[in-house]
Amino acid sequence: MDLKAPNNVPNEETPKRLFGLLAEFDSTDSLLAASVVMRDEGYKQWDTHSPIPIHGLDEAMGVRRTILPYIVFLCGAAGFLTGLLLQWWTSSIYYPVIVSGKPMFSVPANIPIAFELTILFSAFGAVFGMFALNRLPTFYHGVFNSRRFTKRMTTDRFYVSVEATDRKFDRVKTRQILEAAGSIGVEVVEETPESRFPEVVRKWALPALLVVGALALIPPVVTLRARSRTSETTRLQLIWDMDQQPKYKAQSVNPLFADGRAMRPQSPGTVSRGGADTDDLLYRGLVEGRWATTNAMPINEILLKRGRKLFDIYCAQCHGLDGYGRGPVAVRAERLQEGTWIPPLSMHEETVRNREDGHLFNTISNGIRTMPAYGDQISPKDRWAVVAYVRALERSQSASIEDVPEDRRGELP
Amino acid sequence: MNATTIREIDNTANDPTRRAVLITDQPDFAGLTENVARVAEARRPPKAWYVAFTISVFFFLVMNMAIGYLIWEGTGVWGINIPIGWGWAIVNFVFWVGIGHAGTLISAILFLFRQKWRTSINRFAEAMTIFAVVCAAVFPGIHVGRVWFAYWMFPAPNWLNLWPQFRSPLLWDVFAVNTYMIVSLMFWYVGMIPDLATFRDRAKTRFRQVVYGFLSLGWRGSGRQWHRYEVTYLLLAALATPLVLSVHSIVSFDFAVSIVPGWHTTIFPPYFVAGAIFSGFAMVVTLAVPARQLFGLKNIISLRHLENMNKIILLTGSMVGYAYGIEFFIAWYGGNPAEAFVFVNRALGPYSWAYWTMVSCNVLFPQLFWFKKCRTSLWVMTIVCILVNVGMWFERFVIVVSSLSRDFLPSSWGYYKPTPIDVLTFMGSFGLFFMLFLLFCCYLPMVAMAEVKSLLPQAGLEHGPHRGHGQYWGEIPHQHNGETE
């Protein structure tokens, strides 16, 4: 089946325009010779066509070396910088994550990715740079109007095409030059305006492109709108993952129960946390609604030693090991002068000395002012031990000679 | 079809006074074009193609079902567990990526070394690379568990303000394999443009003409375009060379950068790269032998081409064998008891069956290629190359599974068994590979016609001041008054 060339070949009726001359050659040597002649004669709008690359043709045609390698180098450098910048910025600036104490900008670890991006960008530079410099794709060119050309160019023949727009073009003289150079056939090539693009393409290409471009803008615009606003509905997502959970939540309807509620009332006999702690004295330091005046635990050396240990752990950082309120936290807070600090009380002030044991117990359990509640960290009995130790501390700073056992009074200065 | 009427000419003789003929029947350009293009232009592909294609599609569908089941149920359907968290999926990934590297080596590295014989096989080897990388990319994609979040591996701003961990070799893999895929695809496509133009000009239906015309971008063989094209080809070859070496090195870093004994060794990057080239060439030979028979390319992919590939297989196989030996030496010399144990365990422990399969297939059988009769015999080379691929799969299996199954803490030791889903997914990946490859054979130019033509006498590039691409100095019976073939 004899197909037409990719675009309509002009026939007698259509208005024709001269494209140029096409000379056919059957060997690389004659092509090279012809190229040298064309170059030396000063032709500019001409080209050779061959199915294989022919070394030496560049010099014969007078083609200057391409700048493509420089483009590739620049793209490669850009790739390398992109790789480093991406990793540096994300790991050191935007969201630094400490991984085993490694440096935030770990250059050796960043080399593989930077290297790959160098190659990738260089390859893009090479390929797309070549396409741009070669003006590819160019689906139409005047030479495609020649059946002699399309039949054998990609197979086994070589050609020189000279365009009529060349200043030195002359139907007769150029033909003579080419035939003298060894051409086996010189053809006049004509084209029609239709040859360039069919009517359909010319009319609809631009509108189609605009429509597609407009449609392509829709997703990013919608996305940006959604990102810059708040919404009362849950966001749309493609993967629901665990968002839809088949379970009943609080305040929702559950048809499985008679009263229709998902939340169920407590069963009889339910005791709340701390609800079994009925001993007011032990758990709250109260006796008949008033602060207990004695310790809930029996006072002995074990209790006091435990109290000292816990006091040193939990209390001394603010109140000091001696209870005067000059613990390291208090000292630093004073130095910082941030204006939010309330100094801890000294255990030895009159107000604290005169407080009941139960009152102290309550302060330890629930905190006061800037002091946090220690009820969750220290068990009730241990808190009574701390109260006992505080009392011992107070006694130690206000004792009289009668408090020292007789047989040891001699040791004092 | 005249596929069988082409004689098998033995061009493997080595005469130091002249270069061997590469394209054995010395066709002219028209003959070569006809020889290659008729494969894609035939009204129907040969019957064997249909059989192979049906089987491939079947396995491809099997793979899809296995993957669907995996995504639905989770990675528990595979045999992986603690301590062996990486099983067949990662072995298969490294296997396929390794196979892919030979294509780029043939295209790029042999180009830089000016090995003219690469022109007959480079198109088809590059196609093999692309399809192997596609198969490889499947496995890391599906092994993550929540496959729908696989896009998290790519650095893109998100509402979680999270970025991937750039210090991890698993992420270096993402960049490396993707770069490799893209660059190989571009290299393959750019190489095909002149040949697609040939198909366009020979097209017998309007549809083909439009499709090939679109794909060939209006190529018109312009000398000015060829100049830039050749520079591009050279640059891509120069870029692809370090790319090949770096990609498989980065894949080896998945193991080498860890602390697992048997993995944490600096020999891995060169060892993996040599192994990749080894398995890749074996796959090229395994594909080339039937393809040249079926599609009538015996004169283009001649015995000499196959022999050259077998020599490379011998070389890289010996390198891999040497690496096995040196690993043992270093394990002993290094004095690290954990590492020494790993190697003794590989040879004598519960996976010794895999280890000895690997050694015999990779080290012993390729040694047959020292003998010319073996490396020029089609049957021997096909069988040895299939065994090499089996051996190389086992090498990755031994590395991944045996090291994980017995590492530092004996109480954590275990044994890995693949499940049927593991096996079906792997077999299915062959279906994907062959399906794509058969489609390539049927619709795209299988041989780089423009490059092979430079080697033929008609190119006339062997005499005169302009030495060309081919630098061909062989016999041209009707021109020289010397001996004829």
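## Two domains in chain A

How far apart do the C-alpha centres of domain 1 and domain 2 of chain A lie? In this predicted model, the answer is 89 Å. Domain 1 covers residues 1-199 of chain A, and domain 2 takes in 280-396.

## A strand covered on both faces

Let's look at strand S2 of chain A, residues 46-49. Side chains in a regular strand alternate between the two faces of the sheet. Here A:Trp46 and A:Thr48 sit on one side, with A:Asp47 and A:His49 on the other, and all of them are buried.

S2(A) has a partner too: strand S3 of chain A (residues 158-163), which pairs with S2(A) in the antiparallel sense over four bridges. Within S3(A), A:Ser161 is the residue opposite A:Asp47.

## Where chain A meets chain B

Chain A puts 63 residues in contact with 61 residues of chain B. Several elements of chain A give two or more residues to this side, among them S2, helix H1 (28-41) and helix H3 (68-94). The top contributor is H4(A), with 15 residues. Sorted by class, chain A's side has 36 nonpolar, 20 polar and seven charged residues.

Nonpolar side chains tend to be buried together in soluble globular proteins. In this model, the largest nonpolar core has 192 residues, and B:Met128, B:Phe281, B:Val284 and B:Ile313 have the most contacts inside it. Helix H3 of chain B (residues 88-112) supplies the largest share, 17 residues.

Leaving aside neighbours within four places in sequence, B:Ile313 is in contact with residues including B:Phe278, B:Phe281, B:Pro366 and B:Val388. There's also a second, separate core of 20 residues, which includes A:Phe311, A:Met347, A:Ala388 and A:Val390.

Technical notes. Residues numbered from 1 in each chain as written. Chains lettered and ligands numbered in written order. Predicted model: local features only at pLDDT ≥ 70, side-chain atom pairs only at ≥ 80, totals over all residues. Domains from an automatic or database assignment. Buried ≥ 20, exposed ≤ 12 C-beta atoms within 10 Å, placed from the backbone. Pairing = 2+ DSSP bridges. Contact = placed C-beta atoms within 7 Å. Nonpolar A, V, L, I, M, F, W, Y, C, P; charged D, E, K, R; others polar. Core = buried A, V, L, I, M, F, W, Y, C linked by C-beta atoms within 7 Å.
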